[in-house]
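The following report examines selected features of a single protein model. The sequence and structure are shown first, and the discussion follows.

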Amino acid sequence: MSRIGRLPIDIPAGVTVTIDGQQVSVKGPKGELQLTVKAPIVAQIEDNQVLVTRPDDERESRSLHGLTRTLIANQITGVTAGYSKSLEVVGTGYRVASKGSGVEFALGYSHPIAVEPPAGISFTVEGNNKLTVNGIDKQQVGEVAANLRKLRKPEPYKGKGVRYAGENVRRKAGKSGK
């Protein structure tokens, strides 16, 4: 049995979980999320807990068991506490500024880069080199943060670029003089 898959998920106060066949809806103070559970896996509510079960020990059922349980748990965490990813802009002249609901990056290109947040995502700018991506969907927050980092990845010689907060950038020595 999957060690993660068999753990029950507690439903906190203020959160309603609705299961309609393979469709799981989680509604909380921060918003609402939907999930379609893949075919052999079954989710049900018992005693204010969500239980995820699998019918057999087939390879696909085993791999989906823990995944489905984790996805539902992430949704419950998302609608109660939310998720955030912090980014840092490192480099001389590199900065980020708030522009309406979006942000504008100066990353050493000949033009500033304006980025608007997708639905369900918000940006918070602290100072001129820190940015936080906030949202209720863990996957979407991570993807938006990765796309922002992709605008100018940290390079290995000086470490300039957009990086995750606390990310360790491996540095290279570069050219050495005679």
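Is aspartate 57 buried or exposed? With a relative accessible area of 57%, aspartate 57 is exposed. The model discussed here is a predicted one.

The model contains four salt bridges. One of them joins arginine 54 to aspartate 57, with 2.9 Å between the closest N and O atoms.

Glutamate 104 has a relative accessible area of 24% and is partly exposed.

## Histidine 65 and helix H1

Arginine 54 also takes part in a polar contact: its side chain meets the side chain of histidine 65 at 3.2 Å. Histidine 65 is located in helix H1. Its relative accessible area is 0%, so histidine 65 is classed as buried.

## The sheet E2-E3-E4

Strands E2, E3 and E4 form an open sheet in that order, with antiparallel pairing. Strand E2 (16-20) and strand E4 (31-36) are the edge strands, each pairing on one side only. From one strand to the next, the twist averages 15°.

Six bridges connect strand E3 (residues 23-28) with E4 in the antiparallel sense. Within this pairing, valine 26 stands opposite leucine 33 in E4. Helix H1 (residues 59-80) packs on the sheet and touches E2, E3 and E4; the direction of the helix makes about 170° with that of E4.

## The sheet E8-E9-E10

A three-stranded open sheet is also formed in the order E8-E9-E10, again with antiparallel pairing. Its edge strands are strand E8 (95-99) and strand E10 (113-115), each of which pairs on one side only. The twist averages 25° from one strand to the next.

Strand E9 (residues 102-106) and E10 run antiparallel and are joined by three bridges. Glutamate 104 stands opposite alanine 114 in E10.

## Isoleucine 121 in strand E11

Isoleucine 121 belongs to strand E11 (residues 121-126). Its relative accessibility is 8%, and isoleucine 121 therefore counts as buried. Leaving aside residues up to four places away in sequence, isoleucine 121 touches Val133, Asn134, Gly135, Gln140, Val141 and Val144.

Isoleucine 121 and tyrosine 83 are 38 residues apart along the chain, and their C-alpha atoms are separated by 9.9 Å.

Arginine 149 forms a salt bridge with glutamate 167, and the closest N and O atoms lie 2.7 Å apart. Because arginine 149 lies in helix H2 (residues 138-150) and glutamate 167 in the segment after strand E13 (161-164), the pair ties together parts that are 18 residues apart in sequence.

Arginine 149 is buried, with a relative accessible area of 19%. Glutamate 167 has a relative accessibility of 23% and counts as partly exposed.

Notes. Residues are numbered from 1 along each chain as its sequence is written. This is a predicted model: local features need pLDDT of at least 70, side-chain atom pairs count only at pLDDT 80 or more; totals for chains, interfaces and linings use all residues. Side-chain values use heavy atoms; hydrogens and water are left out. Two strands pair if DSSP finds at least two bridges between them. Helices (H or I, at least four residues) and strands (E, at least two) are DSSP runs, numbered from the N terminus. Axes are lines fitted to C-alpha atoms, for helices over the stretch in contact, and angles run from 0 to 180 degrees between N-to-C directions. Contact means heavy atoms within 4.5 Å. Buried means under 20% relative accessible area, exposed over 50%, partly exposed in between (1.4 Å probe, protein chains only). A polar contact is a pair of N or O atoms within 3.5 Å; within protein, one must be able to donate a hydrogen and the other to accept it, and residues adjacent in sequence count only if both atoms are side-chain atoms. A salt bridge is a side-chain nitrogen of Lys or Arg within 4 Å of a carboxyl oxygen of Asp or Glu.
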